[in-house]
Amino acid sequence: MTTEKPFLNEDQIIRHEAFESWLAHQTLFDDSFFTVFFHNKSVATSMVRTLLESEEVRLAHSATQVEFRNPGFKTCRFDMLAQTSDGQLVVTEVQKALAEGPPERWRFYSSILDTRMPLKAGDEYSGLPETWLFVIFPTDPIGDGQFIYRFERRERFSHRPMGDRSHIVYINAAKATAETQLGRMVLSMRCDKADDMVYNEFVDWMRDLKTGNVAKEYEKMLINEFDPMWDGVRDRVEAIGERRATKKEQDRIARNMLLRGQPKDFVSQCTSLSAQEVDEIARSLGYGG
């Protein structure tokens, strides 16, 4: 959003500049930007086609930040949930740090896809849809140096697949190359500029979102994603000034800001930490940016 904003007071100018800085640094590894980007069904369809390796895929539905609540128990929120026209359910999760994705989390997420299906008394279990859970990590989640890790239930000794049509797939972004469509997509997800992308299906929409060439609906969505983060950052910055924060407190604030998708230079400015110190904290988080 680079449009001139007349008659802004000082606080509004600071907020607007912070928004521009935040937006300029956003990639598809940032939850907030991912949420807005894939609200567009066309690019959501491109992603699912690439993940399933089929240009024939059509989406019946897709949505971002889909939440399933179970009162008294843990809530599950999918970054993106899509249903294909032939009934397959496809979840895409993007992680900025390895620590955010223990295996038990994906077991839980995969199980939610089954428990939320409306099988009625007398229905055949074969009526359950085929389910896919794709988790894209910034670095290698297993350590075997592969780009893709596919997990399915198999018999331990014969390795015969169980055939339950439930799949969990890890993608190691650090091993992505431009040799495949999936590799190009993952490489492009790490870019904060449309011109750096090598996955053509994302380029135009990335450029439109970054320059503000979008409908008011999407402008509002971006601002709604930014405002809570900005309010929290502003409150923490004021707290630092009031109590002359210790180094430990500054590190804690920087860590939280990085996990919320704030750009490193903005984190440095807000916490008074050096660029090198912010880089060290980012590395400790396994930050993929």
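**View 1. Methionine 80 stands opposite threonine 92 in β3.** Leucine 81 likewise stands opposite valine 91 of β3. The model is predicted, so local features need pLDDT of at least 70 and side-chain atom pairs count only at pLDDT 80 or more, while totals for chains, interfaces and linings use all residues. Residues are numbered from 1 along each chain as its sequence is written, and side-chain values use heavy atoms, leaving out hydrogens and water. Strand β2 (residues 76-84) and β3 run antiparallel and are joined by four bridges. Helices (H or I, at least four residues) and strands (E, at least two) are DSSP runs, numbered from the N terminus. The two strands form a hairpin with four residues between them, and glycine 87 in the turn has a positive phi of about 95°.

**View 2. Strand β3 (residues 89-94) is largely enclosed by the rest of the structure, because six of its six residues are buried.** Buried means under 20% relative accessible area, exposed over 50%, and partly exposed in between (1.4 Å probe, protein chains only). In a regular strand the side chains alternate between the two faces of the sheet. Leu89, Val91 and Glu93 point one way from β3, and Val90, Thr92 and Val94 point the other way.

**View 3. Strand β3 and strand β4 (residues 131-137) run parallel, with six bridges joining them.** The bridge partner of valine 90 in β4 is tryptophan 132. Strands of a sheet pair through backbone hydrogen bonds, either parallel or antiparallel.

**View 4. Six strands form an open sheet with mixed pairing, in the order β1-β2-β3-β4-β6-β5.** Strands β1 (59-68) and β5 (148-151) stand at the edges with a single partner strand each, so one side of each is left without a neighbour in the sheet. The twist averages 20° from one strand to the next. Two strands pair if DSSP finds at least two bridges between them. Helix α3 (residues 41-52) lies across β1, β2, β3, β4 and β6 (166-172), and runs at about 95° to β1. Contact means heavy atoms within 4.5 Å; axes are lines fitted to C-alpha atoms, for helices over the stretch in contact, and angles run from 0 to 180 degrees between N-to-C directions.

**View 5. Glutamate 53 has a positive phi of about 55° although it is not a glycine.** Glutamate 53 lies in the loop between α3 and β1, and is exposed, with a relative accessible area of 63%. Glutamine 65, in strand β1, has a positive phi near 50°, and is also not a glycine. Glutamine 65 counts as partly exposed, at 27% relative accessibility.
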